[in-house]
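User: Please take me through the terms used for this model, and set each one against its definition.

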Amino acid sequence: MMDWPAAQRTGAAATSAPAEPGIGRGRIEPVPALLPMRVAIIGAGRGGMALLDVLHQIRTIKIVGIADRDPSAPGLTRAHELNVPVYDRVADLINHQGLNLVMDVTGDPTMESVLRKEVPAGTDVVNGQTSRLLWLLVQHESILQTELLHAEKLAGIGSFAAGIAHDMNNPLQLILGLAENLADETDLDAVHTQARDIIEAVKRTTAICRDLTSYSRRASLQQDCLIGVNGKLDEALKIARYAVALQDIEIRKRYQPDVAVKGNPDELLHVFVNLITNAVQAMEHEGALTLETAVVAGTTQIRVSDTGCGIPPELLDRIFEPFFTTKPPGKGTGLGLYNIKSVIHHMNGTIEVESQVGRGSTFTLTFPHDSSVGERSVQP
Amino acid sequence: MSEFKSGFFVGGESCNGRVLVVDDEPDIRKVVRMTLQKAGYDVLEAENGAKAIETINSGENRLLLDVMICDIRMPKVNGIEAITYFRENYPRVPLIVLTGFPDTDMATSLLRQGVVDYLVKPVEGEKLKASVARAMEQRELAHL
C-alpha cells in the first residue's frame, strides 16, 4: 500500500511530480499538443446541455461559455457544475477574443440573423439543420455509451455465477436439512428454533436476489444527485464478493465521514464494483484491499488500492483504452476501465493510477468537492 | 466386534464411523452433523482446510477418521488445496466434495483425483447418507 502522496494532500496535481524509479503513473487525459478550439454554445436547453456534456470531455476543446435568456435552463446549472461561464446575453458571449466556433442550438430562427450581425469575422457558426444533426449525433452517442455500460455490466455478472451459487446454495442446504429434520422432530423447542433458522435462511437468500437485481438493472436516468461515497463503497464490496473470493483478502477501510459526490448512483456503484473486482483479481485472492475517502484541498478523493501484481509501466497508458485487457480470453471485456473513465468524466472527475510491479496499484478518483454536502439530502 | 470394521466406540455406544466435515459455514456443518449423527456417525468439524489438516493430525484422528466431507470455496486453505493435501498424505481416507457451485470441469478433475463423490448443495439427507455409506465401503475395502 502506498501512502497518500504529499502532492495530493497539498492539492498539487499528482502527475506533475516526477515518478519514482520503478513506479508507473498513468493519467487518462493526454496533454493536448495543439491550441484548443474555443467554442461558444448558444442555448442551454436539453440540446445545449447534451452538447456541453460531450464537449467538456474533449481536451482539445475549450468551452468559453454558454448563453441562455432563461436562467432556469438545465444547461446553465450543468455549466455551473462544470465551471463553464454562463451568460444571459448572447452578445457578451460571442464577443470573446479568439472564438473559433459558435454553436447555436436554440432552434430559434431569429437567432440566425442576430449571429450573422454579431459574430466576428473568422468565427464559424453552426446552426439550423446542421446544429440539429449535431444534437442527434450527440444523443445517439449518449445512448450508445449507456448501452455499452449496461452490456459490460451484464457481461461482468456472468462471473458472479460461482459466488451466487455459493451464497444461495448454502442457505438452501440449511433449509433442506432443517426441514428434513423437522419431519420427525419431537422436541417442541427444537422445532421452534429450527423454524426460526429456516426463516432467517430464506431472508438471506432473498437479500442476495434483491442486491443482484438492483445491481443488474439499467442505470436509472434520474437526474444526478449527491451520493454518500462510503455507503456506496460498502455496497460495491457486497456485490464484488460474488465475482471474486474475498475470504483471504484483508479489507482496510479508511473513510472520512460524510464524503459525497454528485452523479448517478447506479453508475458510481458500477465503477466501484469494477475497481474492487480488478484489485482483488490482481492479488490472486491474497493481500490487502484498501478503500479510502477524503476531502483534500477542495477536492473529493476516493482511492482503491491493492497489494497485487501491479501494472507494467508500458501498459499504464493503455489500460483505459476500449477493448484493452490483460485477462485471458473470455475473462474480461476490456471495457471496464474505459467505461469507468466515461462515467468519471461525466461526473467532472478524473482518474489516475499509480502502480508498481509486484507491489500493487492504486486508483485515485478525484471530484470537485460539493460544498453543499450536508445541506442537501445524500443518497446512501 | 469379531470382524474388522472401521466403526468404533464413542461414549460406550457403537458408531458407524467418524466423519470430518470441512465447511466455512457453521450452518452447513450443523445440518450435516444433524443428518449424519442420526445415521449413527460421529462427526468432527473444521471451518477451513487449515483447521481440517490440524484436526486430522491431532490426537487419534489420524487413525480413526473414516470419511471427509469438504467444501471448495473456503478461506485460508481452500477445498482444492485441502483435498490435494489429503490425497497425498491420507490416501486411504475417502473424500466427498459438498459444494455450492456445480462445476463440471472441477468435478471431473476431482473425481479423477480419487474423490468418491461430488455433491452440489442443497443435497438431500438420504443422498448424503448414501454417499457417506459408499465412502465407508471404500474405506473398508482399503483395509482388506
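**Sheets, helices and contacts**

Analyst: In chain A, five strands form an open sheet in the order β4-β3-β2-β5-β6, with parallel pairing. The model is predicted, so local features need pLDDT of at least 70 and side-chain atom pairs count only at pLDDT 80 or more, while totals for chains, interfaces and linings use all residues. Residues are numbered from 1 along each chain as its sequence is written, and chains are lettered from A and ligands numbered from 1 in the order in which they are written.

User: What makes β4 and β6 of chain A the edges of that sheet?

Analyst: β4 (86–87) and β6 (124–126) of chain A each have a single partner strand, so one side of each is left without a neighbour in the sheet. Strands here are DSSP runs of E of at least two residues, helices are runs of H or I of at least four, and both are numbered from the N terminus.

User: How do you know that β5(A) and β6(A) pair, and in which sense?

Analyst: Two strands pair if DSSP finds at least two bridges between them. Strand β5 (residues 101–104) of chain A and β6(A) have three bridges, in the parallel sense. Within this pair, Val102(A) has Val125(A) in β6(A) as its bridge partner.

User: Which strands does helix α2(A) lie across, and at what angle to β3(A)?

Analyst: Helix α2 (residues 46–55) of chain A lies across β2 (37–42), β3 (61–67) and β5 of chain A, and runs at about 160 degrees to β3(A). Axes are lines fitted to C-alpha atoms, for helices over the stretch in contact, and angles run from 0 to 180 degrees between N-to-C directions.

User: What is the strand order of the sheet in chain B, and which strands are at its edges?

Analyst: The order in chain B is β4-β3-β5-β6-β7, an open sheet of five strands with parallel pairing. Its edge strands are β4 (41–46) and β7 (117–120) of chain B, each of which pairs on one side only. Direction ignored, neighbouring strands of this sheet are turned by 20 degrees against each other on average. Inside the sheet, strand β3 (residues 17–22) of chain B runs parallel to strand β5 (residues 67–70) of chain B, joined by four bridges. Leu20(B) stands opposite Met68(B) in β5(B).

User: Where do α2(B) and α4(B) sit on that sheet?

Analyst: α2(B) lies across β3 and β4 of chain B, at about 155 degrees to β3(B). α4(B) packs on the sheet and touches β3, β5 and β6 (95–99) of chain B, and its direction makes about 160 degrees with that of β5(B).

User: Why are α2(B) and α4(B) called roughly parallel?

Analyst: Two packed helices are described by the angle between their axes and the distance between the axes. Helix α2 (residues 49–56) and helix α4 (residues 79–89) of chain B pack at about 25 degrees, with their axes 9 Å apart. Angles under 35 degrees count as roughly parallel, over 145 as roughly antiparallel, 65 to 115 as roughly perpendicular and the rest as oblique. α2(B) and α4(B) are therefore roughly parallel to each other.

User: Which residues of α2(B) and α4(B) meet?

Analyst: Gly49(B), Ala52(B) and Ile53(B) of α2(B) meet Gly79(B), Glu81(B), Ala82(B) and Tyr85(B) of α4(B). Contact requires C-beta atoms, placed from the backbone, to lie within 7 Å. By class, the residues of this contact are four nonpolar, two polar and one charged. Ala, Val, Leu, Ile, Met, Phe, Trp, Tyr, Cys and Pro count as nonpolar, Asp, Glu, Lys and Arg as charged, and the others, Gly among them, as polar.

User: And what makes α9(A) and α10(A) oblique?

Analyst: The axes of helix α9 (residues 229–243) and helix α10 (residues 265–282) of chain A come within 8 Å and cross at roughly 55 degrees. α9(A) and α10(A) are therefore oblique to each other. The contact includes Leu233(A), Ala236(A) and Ile239(A) of α9(A), and Leu269(A), Phe272(A) and Val273(A) of α10(A). Its residues divide into 13 nonpolar, one polar and two charged.

User: How many residues does each chain give to the contact between chains A and B?

Analyst: Chain B gives 18 residues and chain A gives 16. On the side of chain B, helix α1 (residues 26–38) gives the most, with five residues. That side has nine nonpolar, three polar and six charged residues.

User: What makes the bond between Lys121(B) and Pro122(B) cis?

Analyst: Omega of that peptide bond is about 0 degrees. Pro122(B) is in the loop between β7 and α6 (125–143) of chain B.

Conventions:
Contact = placed C-beta atoms within 7 Å.
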